[in-house]
Amino acid sequence: GTPVLILTGRGNEKLAAEVIKQGAYDYLTKNEVKSESIAHILETVIERQHLKEEAERAQQRLEALATQDSLTATYNRRYFQERLDEEFQRAQRYRHPLSLVLLDLDSFKHVNDQFGHLAGDMVLSQVAKALKIGVRRVDVVARFGGDEFAVILPETNHQQALNLSERLRMRVAQSNLEFEGLDQVMTASFGVASIGPDITSAESLVAAADRALYDSKTKGRNQVSSALSAVSK
């Protein structure tokens, strides 16, 4: 990232092209060294460096827009699907554990209807923050759609995923949700699925977690359900 200016005692176009190709910003021979020429070329080098840094920042912003949900700063649905496919293939290839958690906020429609969409947006942001704090760096938290989130848990077996989901459920319930008159405990229902003999694709893993989530909803909400128990019923 440091701009480099080459100064040499001899000069030709071939040498100039080579040093630029190797990453130098510019090329100057000793017989061209004068205070005016050095000041001008340094100004040009610094300007080019600033333009390069700005281009890199713009590229980072574009990459973030392509992968992140703008409201919650979690990953978006498209990135989630790409990562889930990658993690599923890796887990199958090396026979490593992989789990998926789907969660849906309870009574979220009530918040939107009674307090407005700004309050709903605040709730989504706060819940997303609680989720990201509660997982590891290797885990992937994504907004699955609306008020539903997904968490990919690499190298995590089913029992570990259930334990983590219970901690996340408690963390969500303990979040302080206050917004212009809204002072309400927000809860979430969780569904957990893990790779196994009956899970043959990333899509079937999502479907299993979704069935477990539905099980949590029908049993009264604000709880964690396993895809294994949902299948056995």
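How many helices and strands does the secondary structure of the chain come to? I counted 8 helices and 9 strands. Here helices (H or I, at least four residues) and strands (E, at least two) are DSSP runs, numbered from the N terminus.

**Entry 1: ground rules**

I am working with a predicted model, where local features need pLDDT of at least 70, side-chain atom pairs count only at pLDDT 80 or more, and totals for chains, interfaces and linings use all residues. Residues are numbered from 1 along each chain as its sequence is written, and side-chain values use heavy atoms, with hydrogens and water left out.

**Entry 2: the whole chain**

Along the principal axes, the C-alpha atoms fill a box of roughly 85 × 50 × 20 Å.

Next I checked burial. Buried residues make up 40% of the 233 residues. Buried means under 20% relative accessible area, exposed over 50%, and partly exposed in between (1.4 Å probe, protein chains only). The chain exposes about 13,600 Å², and carbon and sulfur atoms supply 51% of that area. The areas come from the Shrake-Rupley method with a 1.4 Å probe; for residues, only the protein chains shown count as cover.

I also looked at contacts (heavy atoms within 4.5 Å). Among those between residues at least 6 apart in sequence, 62% join residues at least 24 apart.

**Entry 3: α5 and its two partners**

I took α4 with α5 to begin. These helices pack at an angle of about 145 degrees, with their axes 7 Å apart. Axes are lines fitted to C-alpha atoms, for helices over the stretch in contact, and angles run from 0 to 180 degrees between N-to-C directions. From α4, the contact uses Phe108, Val111, Asn112 and Phe115; from α5, it uses His117, Ala119, Gly120, Val123 and Leu124. I sorted these by class and found 6 nonpolar, 3 polar and no charged residues. Ala, Val, Leu, Ile, Met, Phe, Trp, Tyr, Cys and Pro count as nonpolar, Asp, Glu, Lys and Arg as charged, and the others, Gly among them, as polar.

Then I turned to α5 (residues 117-134) with α6 (residues 158-173), which pack at about 140 degrees with axes 9 Å apart. In α5, Val127, Ala130, Leu131, Ile133 and Gly134 meet Leu164, Leu168, Arg171 and Val172 of α6. That contact divides into 7 nonpolar, 1 polar and 1 charged.

**Entry 4: loop residues**

Which residues other than glycine have a positive phi? I noted two examples. Arg95 has phi near 55 degrees. It lies in the loop between α3 (77-94) and β3 (98-105), and is exposed at 79% relative accessible area. Ser107 has phi near 60 degrees. Its loop runs between β3 and α4 (108-115), and at 36% Ser107 is partly exposed.

Last, I checked Asp198, in the loop between β8 (188-194) and α7 (202-218). Asp198 is exposed, at 70% relative accessibility. Its C-alpha atom is separated by 9.5 Å from that of Ala208, 10 residues apart along the chain.
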